[in-house]
Amino acid sequence: MSNVILIGFMGSGKTTVGLRLSYRLKRVVEDTDKLIEKKENKSISEIFSTNGEDAFRKMETDCLRELLSFKQERIISTGGGLPIRRENHALLRKLGTVVYLQISPACVWERLKNDTQRPLLQCENPLHKIQELLSERVSFYEEAADIVIDVDGKNMEQVLAEITEKLEACGCIEGGTENEDFSD
């Protein structure tokens with residue numbers, strides 16, 4: 001299956017890149033967080049507060065298993081913590097090509113400093129929490145990834161072009177997908 005799966009830390013752009021990449025590659029986009037919210041009829045914040053993080057991580061694994069049954073090639077953006085469960089690495093590989101959107105703590109902080117919807121950042125020192133979580137997770141991201149894209153200091157077009165180029169180079173997509181067409 002040649003799905004394209006986007007992984008990375010919160011704020012790395014997985015959801016936005018996923019949407020834009022879906023236009024470019026003419027594929028349906030799925031977001032594991034959105035799928036879980038729909039299934040549970042709760043926001044991620046509510047799931048964390050009522051069920052706990054461990055229960056949420058299990059829901060992510062279950063979501064990957066469900067995605068394996070989908071036949072159409074898709075763009076799949078994941079929650080930032082999904083790759084920390086090693087069992088998810090094998091599921092990600094079965095699903096398709098894993099693209100890690102690599103980001104620095106400073107860039108995350110700049111993007112998310114006013115975001116109140118991230119349960120893991122609702123603490124006294126969010127920048128320290130970002131640094132701590134990112135340092136804990138980076139090896140999981142790198143182990144799970146087929147392709148690594150550094151997103152720091154790049155605009156959306158640069159990120160999309162780099163992803164498309166690397167997917168073409170590994171034979172995951174065919175060439176000629178470089179321009180989005182939003183015209184009616």
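Mentor: Please bear in mind that this is a predicted model. We may begin with asparagine 88, which is buried, its relative accessible area being 0%.

Trainee: Why is asparagine 88 called buried?

Mentor: The term applies under 20% relative accessible area. Asparagine 88 has 0%, and therefore counts as buried.

Trainee: Where is asparagine 88 placed, and which residues does it touch?

Mentor: Asparagine 88 belongs to helix H5, residues 86-95. Not counting residues up to four places away in sequence, asparagine 88 touches Thr61, Leu64 and Leu82.

Trainee: What makes the approach of the asparagine 88 side chain to the backbone oxygen of leucine 82 a polar contact?

Mentor: A polar atom of that side chain lies 2.8 Å from the backbone oxygen of leucine 82. The limit for a pair of N or O atoms is 3.5 Å, with one able to donate a hydrogen and the other to accept it. The distance of 2.8 Å is within that limit.

Trainee: How do you know that H5 is roughly parallel to helix H7?

Mentor: The axes of H5 and H7, the latter spanning residues 126-144, come within 10 Å and cross at roughly 30 degrees. Angles under 35 degrees count as roughly parallel, so H5 is described in that way relative to H7. The crossing of H5 past H7 is right-handed.

Trainee: Which residues make the contact between H5 and H7?

Mentor: H5 contributes Arg86, His89, Leu92 and Arg93, while H7 contributes Phe140, Glu143 and Ala144. By class, the contact of H5 with H7 has three nonpolar, one polar and three charged residues.

Trainee: Which residues of H6 and H7 meet, and how are they divided by class?

Mentor: Pro105, Val108 and Trp109 of H6 meet Pro126, Leu127, Ile130, Gln131 and Leu134 of H7. The contact of H6 with H7 has seven nonpolar, one polar and no charged residues.

Trainee: How do you know that arginine 137 is buried?

Mentor: Arginine 137, which lies in helix H7, has a relative accessible area of 4%. The cut-off is under 20%, so arginine 137 is buried. Leaving aside neighbours within four places in sequence, arginine 137 is in contact with Phe9, Glu53, Arg57, Gly80, Gly81, Ile84 and Leu120. Arginine 137 and proline 83 are 54 residues apart in sequence and 8.0 Å apart in space, C-alpha to C-alpha.

Trainee: Why is isoleucine 147 called buried?

Mentor: Isoleucine 147 has a relative accessible area of 8%, which is under 20%, and so the term holds. Isoleucine 147 is found in strand E5, residues 147-150. Its contacts, not counting residues up to four places away in sequence, are Thr97, Val98, Val99, Tyr100, Lys166, Leu167 and Cys170.

Trainee: What makes methionine 59 buried?

Mentor: The value for methionine 59 is 14%, which is under 20%, so methionine 59 is buried. Methionine 59 is found in helix H4, residues 53-67. Leaving aside neighbours within four places in sequence, methionine 59 is in contact with Ile36, Glu40, Ile47 and Asn51.

Trainee: Why is lysine 26 called exposed?

Mentor: Exposed means over 50%. Lysine 26 has 68% relative accessibility, and therefore counts as exposed. Lysine 26 is found in the loop between helix H1 (14-25) and strand E2 (28-31). Lysine 26 has a positive phi of about 55 degrees although it is not a glycine.

Technical notes: Residues numbered from 1 in each chain as written. Predicted model: local features only at pLDDT ≥ 70, side-chain atom pairs only at ≥ 80, totals over all residues. Heavy atoms only, no water. Helix = DSSP H or I, 4+ residues; strand = E, 2+ residues; numbered from the N terminus. Buried < 20%, exposed > 50% of the residue type's maximum accessible area, 1.4 Å probe, protein only. Contact = heavy atoms within 4.5 Å. Axes fitted to C-alpha atoms, helices over the stretch in contact; angles between N-to-C directions. Parallel < 35°, antiparallel > 145°, perpendicular 65-115°, else oblique. Left-handed = near helix turned anticlockwise from the far one by under 90°. Nonpolar A, V, L, I, M, F, W, Y, C, P; charged D, E, K, R; others polar.
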